[in-house]
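The following briefing is intended for reading beside the sequence and the coordinates.

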Amino acid sequence: MSGPFEFRDAGSAFGQQQRIASNGQFARVQRAYRAYIDHGSACAVCEVDSGQCVTAEALWEAYRAANSS
């Protein structure tokens, strides 16, 4: 794989470009999202308004960073 996109043959006349994540990248994204979800289910501030929770905001940004690489 040469980059984040790879040609995939869909079985029809035309193939398509798909974004492909390596196993390591996929695991990082899943861990970051799980940390965000776990925090939200146990946090008293997030229960009321997750937009006010500094920790939730930091975890969400970590997830977005992991997902964009």
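**A charged pair and its setting**

Asp 38 is partly exposed, with a relative accessibility of 40%; buried means under 20% relative accessible area, exposed over 50%, and partly exposed in between (1.4 Å probe, protein chains only). The model is predicted: local features need pLDDT of at least 70, side-chain atom pairs count only at pLDDT 80 or more, and totals for chains, interfaces and linings use all residues. Residues are numbered from 1 along each chain as its sequence is written, and side-chain values use heavy atoms, with hydrogens and water left out.

**Overall architecture**

- The protein contains 3 helices and 2 strands; helices (H or I, at least four residues) and strands (E, at least two) are DSSP runs, numbered from the N terminus.
- Read from the N terminus, the order of elements is β-β-α-α-α.
- Buried residues make up 16% of the 69 residues of the protein.
- Among contacts with a separation of 6 or more, 34% join residues 24 or more positions apart; contact means heavy atoms within 4.5 Å.

**The salt bridge**

- Side chains of opposite charge can pair when their charged atoms come close.
- Asp 38 and Arg 34 form a salt bridge through their side chains, at 3.1 Å from N to O.
- The term denotes a side-chain nitrogen of Lys or Arg within 4 Å of a carboxyl oxygen of Asp or Glu, and by this rule the count is 1 salt bridge.
- Both residues belong to helix H1 (residues 23–42), where a spacing of 4 residues places Asp 38 and Arg 34 about one helical turn apart.
- Arg 34 is also partly exposed, its relative accessible area being 48%.

**Packing of H1 against H3**

- Helix H3 (residues 54–68) packs with H1 at an angle of about 165°, and the two axes are 9 Å apart.
- The axes are lines fitted to C-alpha atoms, for helices over the stretch in contact, and angles run from 0 to 180 degrees between N-to-C directions.
- H1 and H3 are therefore roughly antiparallel; angles over 145 degrees count as roughly antiparallel, under 35 as roughly parallel, 65 to 115 as roughly perpendicular, and the rest as oblique.
- On the H1 side, the residues making the contact include Val 29, Ala 32, Tyr 33 and His 39, and on the H3 side they include Ala 56, Leu 59 and Tyr 63.
- By class, this contact has 11 nonpolar, 4 polar and 1 charged residues.
- Ala, Val, Leu, Ile, Met, Phe, Trp, Tyr, Cys and Pro count as nonpolar, Asp, Glu, Lys and Arg as charged, and the others, Gly among them, as polar.

**Individual residues**

- His 39 lies in helix H1 and is buried, at 18% relative accessible area.
- Apart from neighbours within four places in sequence, His 39 is in contact with Cys 46, Cys 53, Thr 55, Ala 56 and Leu 59.
- Tyr 63 lies in helix H3 and is buried, with a relative accessible area of 17%.
- With neighbours within four places in sequence left aside, Tyr 63 contacts Val 29, Ala 32 and Tyr 33.
- The C-alpha atoms of Tyr 63 and Ala 32 are separated by 4.8 Å, although these residues are 31 residues apart along the chain.
- Ser 50 is placed in the loop between helix H2 (44–49) and H3, and is partly exposed at 38% relative accessibility.
- Not counting residues up to four places away in sequence, Ser 50 touches Val 45 and Ala 56.
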